[in-house]
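Here is a short tour for a reader meeting this protein for the first time.

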Amino acid sequence: MSHVITVSISGSGGSGAVTAGSVLLKGMANAGFYGHLSRFSGPQIRGGESAVIVNFSDHPVEYAADASDLHFAFDWRGFERFGDEIPLDRHSRILYDTAQEALPESLEKTGAAVVDVPLHQEVKHRKGSHPSSFAIGIIAAQIGLPYASLEKAVQQLFGKKGEAFVSGMLDAVRTGFHLLETKDPMIKHWQPEQTTRWNISGNEACALGALRGGIKFVAAYPITPASDIVEYLAPRIEQTGGNVLIAEDELAAMNMVIGSSFGGKPSMTATSGPGFSLMTEAMGLAIASETPALVINVMRGGPSTGLPTKSEQTDLNQALFGMHGEAPHVVLAPLSIADCVLTTQWAVGLAEALQTLVVLLSDQRLGQSRAIIDAVPSKTFGLKRKVLPEQAQAEKKSYERYGMTADHVTPMAIPGNTGECYTADGLEHTVTGKPSSAASDHQQQLEKRSRKITRFAYGEMWAEIVKAPKGSSIAVLTWGSAFANVKKAVLELNSEGYGIDLIALRLLMPLQADEIWKLSEEKLVIVIEQSHSGQLYHYCLGQGAIDRSAVSLAKPGPLVLKTTEIKDFIREVSA
């Protein structure tokens, strides 16, 4: 039997909510458990509000719980701005210093039990201590996390700050650990497996996948919530002979990626919605010149500045159709933090092998969440760039950079090879790269750029398919960070006797419409996504992957689609 415990922590910016959550996650990893941490904050650079939700389990877990078992509040300032993102009910326990503030009225209505914590009194007695240190100990004791695992976590995370700092912090953690009576620790009967696991975020997993894929150059401009990718890559890519460059803006970053790739180096950038908008013209240049390029878009709520620290799956339309003209390219989306590694590695390979733009759509919830997961094994995709071998002078022939080939991909010349020069720009061109506005050349190159993508064999990676154990009458279609909760809902309904197949898409363009149709034919199709307008639903409908009998469950961010919501919707439309 598997177990899941959900702990949420909130407070004003700087209160230590994220620090406390990170230490607890690390402590759980030390104790042999799996875990998942998602974080919330306001758009302020400093101050504002902050919160984390941490799930602990004896099995892999990345889905969001319907309600927290335990909520610790440092204070209630700004809580109304994100309170609806922290689900509490009558089974929850709320811990806070009742002598300092009153419980918000909205939480009184939940019926949750309130436990008084004399936090400020303890902080006052220990000069230089921080409330978050006491909170770490208090929460750990309430859930039953062994103190030794907690002590090790503090040393691992803060050891570089010196012995005096660690000693003072552990003194406060220890005091918090013994501060409240603990009648029934939540995990006392769990039997974790002691093994080495990864503690990694979705953004870090994307960066690791890029390194495994062979990325050698990264150009980017800082933007929330994608900057973590570049921060992870910066000290590591140099060890592989690569480089990171922080550009003056997103336009420059994208053009630098194209230039580096033209020079023979697998190259990428990472951004979010507003930056992606600025890059689209240059993305068209990568497509027209058939220059490999990877763009990772860690989506956030929009439009404009929108919700810079919140999650939403609403850049899909832009990623698919945001460029002018006929601009065929590849769009991928990872399904989990672990999947970020494989899907990003695959994305690098596809960009190189198909000599085109690949857009990878992650989002804030996936990118900035951390998880304790089993190590993701290396995988070989066998996707490499076709490079024109340097020929002896006597053997040299006229080089047709954009000539027709069986797979519509032409070998690229390495700059500097005598006699193998060509023009690569944004103008339409002949097979040699010479600019041309002739209708025949345009038609020929349009077909070349399209067919190399639509006729490529993508294999089983195009989707994660979960079949109902005893046949199915319903097919659920989803993508991205929505996958975890959707999968949990489908598995629970199937255990109740429903017959539901799940199709979670990694490959969004080119859409495998025929495969989706075969898997869902003569079934009730339900499309589930985190958007207001149902972008995936309308895209699949327009591509002929589903018909008008399909139904849509589309909910905008930042509120996560809860498992109970998904189950209730499926029950209602299938009744």
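In this predicted model, the largest nonpolar core has 93 residues. The residues with the most contacts inside this core are M268, L361, L505 and I546. Helix α12 supplies the largest share of the core, ten residues. A second, separate core has 43 residues. V52, L119, I136 and L180 are among its members. As a rule, nonpolar side chains in soluble globular proteins tend to be buried together.

Setting aside neighbours within four places in sequence, L505 is in contact with A333, L335, W462, A463, L477, T478, W479, G480, L511, I516 and L536.

**Around helix α12**

Helix α12 spans residues 337-354. T343 lies in this helix. Is T343 buried or exposed? T343 has a relative accessible area of 0%, so it is buried. Its contacts, leaving aside neighbours within four places in sequence, are L332, A333, P334, L360, M461 and R506. H120 is another matter. The C-alpha atoms of T343 and H120 are 46 Å apart, and 223 residues separate the two in sequence.

Q355 sits in the loop between α12 and β13, the latter covering residues 357-363. Its phi is positive, about 50°, although Q355 is not a glycine. Q355 counts as buried because its relative accessibility is 0%.

E522 lies in the loop between α16 (513-520) and β19 (524-529). Is E522 buried or exposed? Its relative accessibility is 80%, so E522 counts as exposed.

The bond from G302 to P303 is cis, with omega near 5°. P303 belongs to the loop between β11 (293-299) and α11 (316-321). The bond from G557 to P558 is cis too, with omega near 5°. P558 is in the loop between β20 (551-554) and α18 (563-574).

The table sets out the geometry of two packed pairs.

| Helix pair | Axis separation | Angle |
|---|---|---|
| α1 (residues 17-30) and α4 (residues 131-143) | within 9 Å | roughly 40° |
| α5 (residues 147-158) and α6 (residues 163-177) | 10 Å | about 150° |

Take α1 and α4. Their axes cross at roughly 40°, which means α1 is oblique to α4. The crossing is right-handed. From α1, the residues A20, V23, L24 and M28 meet S132, I136, I139, A140 and I143 of α4. How many residues of this contact are nonpolar, polar and charged? Eight are nonpolar, one is polar and none is charged. I136 of α4 is also listed in the second core.

Now α5 and α6. Their angle is about 150°, so α5 is roughly antiparallel to α6. This crossing is right-handed as well. On the α5 side, the contact is made by Y147, L150, E151, V154, Q155 and F158. On the α6 side, F165, V166, M169, L170, V173, R174 and F177 take part. By class, the contact of α5 with α6 has ten nonpolar, one polar and two charged residues.

Note on methods: Residues are numbered from 1 along each chain as its sequence is written. This is a predicted model: local features need pLDDT of at least 70, side-chain atom pairs count only at pLDDT 80 or more; totals for chains, interfaces and linings use all residues. Side-chain values use heavy atoms; hydrogens and water are left out. Helices (H or I, at least four residues) and strands (E, at least two) are DSSP runs, numbered from the N terminus. Buried means under 20% relative accessible area, exposed over 50%, partly exposed in between (1.4 Å probe, protein chains only). Contact means heavy atoms within 4.5 Å. A nonpolar core is a set of buried Ala, Val, Leu, Ile, Met, Phe, Trp, Tyr and Cys residues joined through side-chain atoms within 4.5 Å. Axes are lines fitted to C-alpha atoms, for helices over the stretch in contact, and angles run from 0 to 180 degrees between N-to-C directions. Angles under 35 degrees count as roughly parallel, over 145 as roughly antiparallel, 65 to 115 as roughly perpendicular and the rest as oblique. A crossing is left-handed if the near helix is turned anticlockwise from the far one by less than a right angle, and right-handed if clockwise. Ala, Val, Leu, Ile, Met, Phe, Trp, Tyr, Cys and Pro count as nonpolar, Asp, Glu, Lys and Arg as charged, and the others, Gly among them, as polar.
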